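Open the model in your viewer and keep the selection panel at hand. The stops below follow one after another.

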Amino acid sequence: MGSQGTVVGAFREARGFDSSPLYRHLLAVVADEPALVELAARTRPGQQPTFALFGAVHYLLLAGTTDPLAEYYPSVVGDRARPVDEHTGRAFARFCAAYADQIAAILATRLVQTNHVQRCLVTRLGLALLRGATRAPVCVIEVGCSAGLNLRADRYAFTVGGTTFGAADSGVHIRADVPDAHLLPDLARLPVIADVVGVDLDPPDLTDADDRAWLRALVWPENAHQAALLEAAMRVVADDPPRVLRGDIVDLGADVAASLPPGLPRLVVHTATRIHVPVEQRPGFDAAIAAFAADGPMLHLALEDDQRVAPSGRPGIGLTATDATGSRTIAVADGHLAWLEPLPELGARAAPGGHDRRRAAFPG
C-alpha cells in the first residue's frame with residue numbers, strides 16, 4: 001500500500017461512508033491507532049486500505065468468528081446490533097489484534113471488488129444514450145468488472161424516477177432516486193448488444209463459496225438492501241455468466257479491442273475502478289481505455305473519484321462521458337447509485353434532435 005503516513009491519510013480523508021455509521025466511526029479509530037495503521041498498510045498496492053481492512057474484518061465475522069465486535073454489525077446480528085458507542089473502537093482494535101494473521105492473509109491475497117449492483121444503472125444509461133445516437137449493434141466492455149454482475153444490465157428490472165422498466169420477471173430490481181428524470185434518455189429502449197466482455201485483475205468465481213463470501217463482505221454491515229441485491233444478482237449471473245477475462249486492462253486492452261466486431265460502437269464503462277489503480281499506472285490505464293476507439297466509435301462512461309455537488313446540493317461523484325466530441329460531466333451520483341441527478345448536458349444529449357454531433361460520431 002505504501003507508507004503508513006499514506007494509510008493514515010486514506011482513513012482521515014475518506015469520503016462516501018454516509019450509509020455506514022459504524023465505518024464512519026472506525027475510520028478515525030484506525031487513523032489514531034498505529035497497530036491498526038500497520039495492519040491496514042499490508043493492503044495490496046493500489047487498493048484502498050479503508051475498504052480492504054473493513055472488508056477483511058467483516059469477512060471473518062460473517063464466516064462465524066465469535067467475538068464481541070460482532071454485536072455492532074447488523075449484517076451479523078440483525079436488529080439486535082448495538083449502536084456505535086465508546087466501546088466500539090476498543091472492540092475493533094482487540095479483534096484486529098487477535099486475528100491479525102488472518103486479516104493480513106486476506107489483505108495480501110484479496111482485491112477490493114465491491115459489486116454494488118445499482119452501479120449497472122451507469123451501463124444501462126450508456127446503452128440508452130447509444131440507442132439514441134445509432135441503430136448499430138453495440139459492444140459492451142466493463143473494466144474492473146469483478147464477477148461481471150453489472151454486465152447484465154439488460155437482465156434486471158429498474159425503477160428510476162417513478163418509471164419501471166427492464167426485465168419484469170428478474171429477481172434483481174434496481175431502484176434509484178432520480179430527480180429531473182425527463183433529462184434521461186429512454187432507458188427502456190436498448191440497442192442490440194453484439195458482444196459483452198469484462199476485464200478484471202482477479203475475477204471472482206461465482207461457483208466458489210469463498211469468492212461469493214468475499215463479495216458479500218465488501219458490502220457494508222448496515223446495507224442489507226445492497227446485500228440482498230448482490231445475492232440475487234449472483235444467482236442470475238451464475239446461470240449465464242458473461243465473458244470475463246483475467247488480467248490488467250493495460251496488458252489485455254489491445255487484444256480485447258481486436259476481439260470485438262470492427263466498426264461497431266462500443267460502450268466502455270468503469271465505476272470505482274480507476275481509484276484502485278496505483279497512481280503511477282493510471283496513464284497506462286487511461287491509454288488502454290482510449291485505444292478502444294481505434295476500431296470503432298466509443299462512448300466511455302466513468303464514475304470514479306470526481307467529487308461534485310449535485311444540483312440539489314447533495315455531495316456526490318461526477319459521471320463523466322467521453323466520445324469523439326469530447327469529455328463532459330453528465331450527472332452527479334451517489335457512489336453506490338442510490339441516487340443520480342442528471343445535469344442539463346445529459347438532457348441535451350438525450351433530447352430528440354439533440355444528437356447531431358454525436359450521430360456523426362456514431363454512424364449507423
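Start with H6 and H7, which are roughly perpendicular to each other. This is a predicted model. Select residues 88-98 for H6 and residues 100-109 for H7. The two axes cross at roughly 80° and come within 5 Å; a crossing angle of 65 to 115 degrees counts as roughly perpendicular. To see the contact, show Phe95, Cys96, Ala97 and Ala98 on H6, and Ala100, Gln102 and Ile103 on H7. By class, these are 6 nonpolar residues, 1 polar residue and no charged ones.

**Around H6**

Which residues of H6 are buried? Select Thr88, Gly89, Ala91, Phe92, Phe95 and Cys96. They sit on the same side of H6, because the arc they cover around the axis is only 165°. Turn to the other side of H6 to find Arg94, Ala97 and Ala98 exposed.

**The cores**

Next, go to the largest nonpolar core, which has 51 residues. Leu149, Tyr156, Leu301, Leu319 and Ile330 have the most contacts inside it. Helix H8 (residues 120-133) supplies the largest share of this core, with 8 residues.

Centre the view on Ile330. Beyond its neighbours within four places in sequence, Ile330 is in contact with residues including Leu125, Leu129, Leu301, Leu319 and Pro342. Glu345 and Arg349 are also among the contacts of Ile330.

Last, select Phe54, Tyr73, Phe92 and Ala217, which are among the 40 residues of another core, apart from the largest one.

Key. Residues are numbered from 1 along each chain as its sequence is written. This is a predicted model: local features need pLDDT of at least 70, side-chain atom pairs count only at pLDDT 80 or more; totals for chains, interfaces and linings use all residues. Side-chain values use heavy atoms; hydrogens and water are left out. A nonpolar core is a set of buried Ala, Val, Leu, Ile, Met, Phe, Trp, Tyr and Cys residues joined through side-chain atoms within 4.5 Å. Buried means under 20% relative accessible area, exposed over 50%, partly exposed in between (1.4 Å probe, protein chains only). Helices (H or I, at least four residues) and strands (E, at least two) are DSSP runs, numbered from the N terminus. Contact means heavy atoms within 4.5 Å. The arc is that of the directions from the helix axis to the C-beta atoms. Axes are lines fitted to C-alpha atoms, for helices over the stretch in contact, and angles run from 0 to 180 degrees between N-to-C directions. Angles under 35 degrees count as roughly parallel, over 145 as roughly antiparallel, 65 to 115 as roughly perpendicular and the rest as oblique. Ala, Val, Leu, Ile, Met, Phe, Trp, Tyr, Cys and Pro count as nonpolar, Asp, Glu, Lys and Arg as charged, and the others, Gly among them, as polar.
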